[in-house]
Amino acid sequence: MNTATATATVASIATAPARRRSAELERLIQQEPGRFRVMTGDRPTGVLHLGHYFGTLHNRVRLQDLGVDVFVIIADYQVLTDRDVAERLTGITEELLLDYLAIGIDPERSTIFNHSAVPALNQLMLPFLSLVSVAELNRNPTVKDEIAHSRQSTVSGLMFTYPVHQAADILFCKGNLVPVGQDQLPHLEVTRTVARRFNERYGAVFPEPDALLSAAPLLLGTDGTKMSKSRANSIALGADADETARLIKGAKTDAERHITYDPEGRPGVSGLVLLAALCLDRDPYAVAEEVGGGGAAALKRTVTEAVNSRMAPIRARRAEYARDMGYVRSVLRAGNERANAVADATLAQVREAMGGL
């Protein structure tokens with residue numbers, strides 16, 4: 001067994017309990033969706049892309065449609081965790097709102113709000129920071145990874161305490177379910193620790209939120225690496241059909257003509273196959289077999305047609321909402337009002353529990 005395989009095996013074993021719990025939670029959601037409140041969201045650092053759609057966005061709509069109370073945070077303050085300034089916040093926030101509405105997030109059933117618009121949420125940071133040690137934050141593997149990939153020359157206090165910020169985001173609304181990838185489990189464990197210690201020290205106020213692990217496969221970008229806003233290798237949800245075709249045409253493949261689905265051995269080709277399969281709701285091995293000897297050109301045609309077909313209704317709704325930005329902005333105002341009411345009530349409980357602080 002090589003080192004990479006051994007590491008993957010250890011990671012799989014370590015997350016096995018979380019995966020079992022996620023499977024149990026899925027059953028409970030089907031039975032009693034109203035007992036769950038989900039907290040999820042995005043940092044407004046760039047436009048959302050197909051990786052976001054298949055990784056998290058369509059799952060938010062699924063949970064909403066099942067009857068779960070969904071809170072979606074646009075985490076504008078957290079832009080500063082790994083960069084020196086927050087740029088184009090208003091414009092990117094509006095792009096996110098358009099994407100949310102276009103994919104089916106319903107503001108009558110879900111709450112979309114800005115981090116910076118909810119002061120009481122951020123006031124929870126002070127008591128929460130008192131509940132974790134510097135050593136615990138220093139051991140967090142997700143923080144270490146984010147520091148390693150930071151755009152900043154030095155580590156800011158904001159980045160170092162990022163897991164506690166996330167705890168405030170989740171607990172202000174008493175979220176008890178958080179959709180995450182396995183790399184985010186250490187962050188969520190900090191939230192669970194904060195909730196547990198607060199309850200032990202001051203009295204029961206917060207739930208200990210569970211992780212709902214994503215089953216979505218990693219979607220690669222047009223260069224064969226992880227699709228990312230910062231790597232210029234993504235297909236934006238707002239891209240039109242012609243831009244999508246151009247981006248896919250320029251995607252990285254390999255010299256072998258016969259198309260197969262082999263994520264380890266042929267990441268570029270397999271990323272395209274997977275994208276087509278996700279858009280078509282089909283098995284990637286079946287898609288690869290169908291393209292077969294057609295080569296990269298046939299594969300790219302298949303992917304382009306699949307993406308444009310899947311995204312067509314979303315693009316149409318997006319364009320319709322973009323014609324009424326007054327309504328789009330009103331969605332955020334209404335979400336901010338609800339989030340503030342929830343945060344104010346939680347902060348009042350916290351102050352009472354802490355003896356009036």
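A helix crossing is called right-handed if the near helix is turned clockwise from the far one by less than a right angle. In the predicted model described here, the crossing of helices α3 and α14 is right-handed. Helix α3 spans residues 89-103 and helix α14 spans residues 295-322; their axes come within 8 Å and cross at roughly 130°. Angles from 65 to 115 degrees count as roughly perpendicular and those over 145 as roughly antiparallel, and α3 and α14 are therefore oblique to each other.

On the α3 side, the contact is made by Glu 95, Leu 98, Asp 99, Leu 101, Ala 102 and Ile 103. Helix α14 contributes Ile 314, Arg 317, Arg 318, Tyr 321 and Ala 322. Classified by residue type, the contact of α3 with α14 comprises 7 nonpolar and 4 charged residues, with no polar residues.

One of the α3 contact residues, Leu 101, is also touched by Val 331. Val 331 is located in helix α15, which covers residues 325-353. Although Val 331 and Leu 101 are 230 residues apart along the chain, their C-alpha atoms are separated by 9.4 Å. Pro 107 and Ile 112 are likewise touched by Val 331, when residues up to four places away in sequence are not counted. The relative accessible area of Val 331 is 6%, and the residue is therefore buried, the cut-off for this class being under 20%.

Aromatic pairs were examined next. A pair of aromatic rings is described by the distance of the centres and the angle of the planes. The count comes to 9 aromatic pairs in the model. In the pair formed by Tyr 53 and Phe 54, the ring centres are 4.9 Å apart and the planes lie at 80°, so the arrangement is edge-to-face; the cut-off for this class is over 60 degrees. Tyr 53 and Phe 54 are both buried.

Tyr 321, which takes part in the contact of α14 with α3, also forms an aromatic pair with Tyr 327. This pair is stacked, with 6.1 Å from centre to centre and 15° between the planes. Tyr 321 has a relative accessibility of 26% and therefore counts as partly exposed. Tyr 327, at 35% relative accessibility, also counts as partly exposed. Elsewhere in the chain, Phe 128, Phe 198, Tyr 202 and Phe 206 are linked into a cluster by ring pairs.

Definitions and conventions
Residues are numbered from 1 along each chain as its sequence is written. This is a predicted model: local features need pLDDT of at least 70, side-chain atom pairs count only at pLDDT 80 or more; totals for chains, interfaces and linings use all residues. Side-chain values use heavy atoms; hydrogens and water are left out. Axes are lines fitted to C-alpha atoms, for helices over the stretch in contact, and angles run from 0 to 180 degrees between N-to-C directions. Helices (H or I, at least four residues) and strands (E, at least two) are DSSP runs, numbered from the N terminus. Angles under 35 degrees count as roughly parallel, over 145 as roughly antiparallel, 65 to 115 as roughly perpendicular and the rest as oblique. Contact means heavy atoms within 4.5 Å. Ala, Val, Leu, Ile, Met, Phe, Trp, Tyr, Cys and Pro count as nonpolar, Asp, Glu, Lys and Arg as charged, and the others, Gly among them, as polar. Rings of Phe, Tyr and Trp (its six-membered ring) pair if their centres lie within 6.5 Å; planes under 30 degrees apart count as stacked, over 60 as edge-to-face and the rest as tilted. Buried means under 20% relative accessible area, exposed over 50%, partly exposed in between (1.4 Å probe, protein chains only).
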